[in-house]
Structures are given as structure tokens and as C-alpha cells.
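Please read it alongside the sequence and coordinates shown below.

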Amino acid sequence: MLSLAEPADVVFEIDLKAVQANFRTISALVGPHVKVAAVVKSDAYGLGMLEIARALANAGCDLFFVANLHEALLLRSSRIDAAIAVFCDEFARFGQFYRSENLIPLVNNGSEMDAIRATGEPQTYFLNVETGFSRLGLAFDDVRRFYLSGAFGQHPPAVMLSHLACADCAADATNVLQKNRFRAIYDLLKPTLGSLAASAGVWLDKSYHFNMVRVGSALYGLNNAGIQPNPLQPVVRLRAKFLDIRTVARREAVGYGATFRTARNSRIATAAIGYKHGLPWSCANKISVRLGGYTAPVIGRISMEYIAIDVTDIPETVWGIGAFAEILGEDFAVDELAAAAGANPQEVLTRLGAGCTRQHLNASSPSAPSVGKAPDAGDSHSPFALAV
């Protein structure tokens, strides 16, 4: 087992102050009358759900969205004084946990709405409606059926939400179509809060904000909509240790498949990171690392635990066995790595978070490096933070 005194070969740093700054940036953008909820599903996109949620709660966030009941119970066990909403898990089967742990279910279909009605007692829930994403959400015909039956009068939703399919492309007509559909249902049901926009949607005009936005990617520094200049702070820094440095003769192959051959006598370093850690295999021969103000290309294929770096043109004073190369930082962010790999930035981030040793910086209290573990669920309770 790695001791705290023994540095890891791969270090994935997560700046919690940057996460808080991005929360404040989004809050200022949408204004004081629009609530900003945080999406911390999938272990906060691989960055550590509990650490991220604590930092955001300290910044003033009081509503968190998680993927399922398991994540909700873990987050509730952290005793964060905030509301927790569950995107998708069976209220009909697990209603006792929702009630005992004061968790908020999302109603995604007619059977879940029937389960809410069958409780026979008041139950806070959020209503997800389908407006053109074709994934989850109550279809319009079901909304009309439940409305005419009086279900929403007896059991009104605290929040109505939907999800934009093309928010990262402001000119796409699908955005207007979905907004108009959402507005029609919103005006019919008159919920206390409506939420259509997620991270990319906050950069659309204010008519998409309604009175709540749900933000995940933007909190973690991902600029989905490509806004320039980028108003978001980078959140992660990824470094890997040099394990070996050797001279390779001209025209020799480097790595699997000989996809790279040296054009000269070269100095090649091997660094301790690969696709096991979440570095995309497809970014081979396409990215560079940073070393003391210099850049050096990654050459050859990405292997399971290693990459090769050509340091021939880098002064020997800035590299050597035990030195660290920076893969991600202020000069090269997750969005750029994903673009080089032809991958989705959220996918890259979650894979790196799951595969690397994480270090949380600027935490309110010191925390040990983590690899996705969280404490067992406890019995903490928290009031629903929204005024509904």
C-alpha cells in the first residue's frame, strides 16, 4: 500500500478553490434570481464527490444532483447540510430510503408518478419532462393525462426540469424547440422552480435559465460551449514521473507498432502514465508535455502504464529520472486533450479521476490522496434547502 510519505508516480491534482471560483462565475452570470445547483454524479466526474460537494457547500451551494441512490446515500453520510436530488433510481422500490434520508426523487415516467401518488402522504419530488432529448422524462401525453386527473394538484412537483440536446451549439434550432416545449409545460404546471439549462445552456440567453440551472462540467473547468475568452478556471493538473531516460539511435522504432521512428539520435524518456490511468490511447503522437517552461512531444503509442517523450531538445537541467512531466495544467487543459484524442471531455475527466491518485488542493481541512473511496452511508438528515 502506498504510504503518504511515498510520492505517487502519477499525480492528479484537483484545485477546490478553482471549483468554488467557477461556481461563483456561473452564479454571477445567471444573476441573483436564478439558483445554481451542482451536478456531482459519477463521483463528481471523477474528481471526488465528497470533497467537491464540501467545497461547493462552503461556497454557498445548497442543492446537489447525483446519479443514483447509492451516490445519494454516500453524499448524505458526509453530513453536508444541503438538498440531494437523485436523477434516476426506483422510488417505488426504495421509497423508504428517500424518506428516511430526506432525498429527492426525480420522476422520469408515468409509473414513477403513480408511485408518488400511491404514497398517500406529501412527498417532495422533481418532475423531469421530455422535450426533445429522447432519454428520460415524462412524455407530453403523460403530462396531460396526469394534469387532467388532478395528480399535479394533489402532488405538485417542487421543480420541473428537462435537458437540452444541443446547448453547446447556440445556433441550433433544437434549442428553441425544446425551450418552447418546456415553457408550455412549465406554464401549465406552474412549479416553484424550472430548470432547462445545464453547463452549456448557461451560456445561452437568459430565456433558457428560467429560475434554476444545473451545472456539472463548467464547475470542473470544462468549456463545453467553447466560450472565448474562457471565463472558467482550470481545475485539474496531471503530472507523471520519469522512470527511464535513454539514447535511441536514428531510425529506431519507439513503442508498439513502430508508429514513431527517430529522425536523429534522440534522448527518449519513459513516464509512468498510460491508458490504465485514463490517458486516451488515441492521443498518441498528438500531444506534448511541459517541463520547466519547455514542451516535449509524446511519441509512439500510449501503452497501458507508460508513455515515451522526446526530450532531445530540452536542457538536461530540467529533466532526469524522478522528474515530473506535466500533461495537464494551465497551458493544456482537459478540453484540449480530449480534442487531440477525438474524445468527449467529460469521458476523459472521469477516466483520469478513476485511474489516477487524486490530491485535493485548498481543502478546508487536509485530506489524504483518494482513489474514489467514500465512507459508508450514515443517518444524517438535511432539510430540503429550496423554498417550496
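Buried means under 20% relative accessible area, exposed over 50%, and partly exposed in between, computed with a 1.4 Å probe on protein chains only. Helices (H or I, at least four residues) and strands (E, at least two) are DSSP runs, numbered from the N terminus. This is a predicted model, in which local features need pLDDT of at least 70 and side-chain atom pairs count only at pLDDT 80 or more, while totals for chains, interfaces and linings use all residues. Residues are numbered from 1 along each chain as its sequence is written, and side-chain values use heavy atoms, with hydrogens and water left out.

**Helix 10**

- Helix 10 spans residues 334-341, and its buried residues are Val334, Leu337, Ala338 and Ala341.
- These residues lie on the same side of helix 10, because they cover an arc of only 100° around the axis; the arc is that of the directions from the helix axis to the C-beta atoms.
- An α-helix has 3.6 residues a turn, so residues three or four places apart point the same way.
- The cover over the buried residues of helix 10 includes strand 10 (236-248), strand 17 (324-328) and helix 11 (345-355), where contact means heavy atoms within 4.5 Å.
- Glycine 342 follows helix 10 and has a positive phi, near 65°.

- Seven of the ten residues of helix 3 are buried, so helix 3 is largely enclosed by the rest of the structure.
- The buried residues of helix 3 are Met49, Leu50, Glu51, Ile52, Ala53, Ala55 and Leu56.
- Glycine 60 follows helix 3, with a positive phi near 110°.
- Helix 4 (residues 69-77) is likewise largely enclosed by the rest of the structure, because eight of its nine residues are buried.
- In helix 4, burial applies to Leu69, Glu71, Ala72, Leu73, Leu74, Leu75, Arg76 and Ser77.
- Among the elements covering the buried residues of helix 4 are helix 2 (41-45), helix 3 (49-58), strand 3 (63-66), strand 4 (83-86) and helix 5 (91-100).
- At the start of helix 4, the backbone nitrogen of histidine 70 has a side-chain oxygen of asparagine 68 within 3.3 Å.

**Packing of helix 7 and helix 9**

- Helix 7 (residues 140-148) packs with helix 9 (residues 173-189) at an angle of about 10°, and their axes are 12 Å apart.
- The two helices are therefore roughly parallel to each other, a term for angles under 35 degrees.
- Phe140, Val143 and Tyr147 of helix 7 meet Ile185, Leu188 and Leu189 of helix 9.
- The residues of this contact divide into six nonpolar, no polar and no charged; Ala, Val, Leu, Ile, Met, Phe, Trp, Tyr, Cys and Pro count as nonpolar, Asp, Glu, Lys and Arg as charged, and the others, Gly among them, as polar.

**Two buried sites**

- Leucine 204 sits in the loop between strand 8 (193-195) and strand 9 (212-215), and is buried at a relative accessible area of 8%.
- Leaving aside neighbours within four places in sequence, leucine 204 is in contact with Leu164, Ala167, Ala170, Asn175 and His209.
- Leucine 204 and alanine 170 are 34 residues apart in sequence, and 6.4 Å apart in space from C-alpha to C-alpha.
- Serine 266 belongs to strand 13 (residues 266-271) and counts as buried at 3% relative accessibility.
- The side chain of serine 266 reaches the backbone oxygen of arginine 264 at 2.9 Å.
- Beyond neighbours within four places in sequence, serine 266 is in contact with Arg246, Thr247, Val248, Asp310 and Thr312.

Conventions
Polar contact = N/O pair within 3.5 Å; in protein donor to acceptor, adjacent residues only side chain to side chain. Axes fitted to C-alpha atoms, helices over the stretch in contact; angles between N-to-C directions. Parallel < 35°, antiparallel > 145°, perpendicular 65-115°, else oblique.
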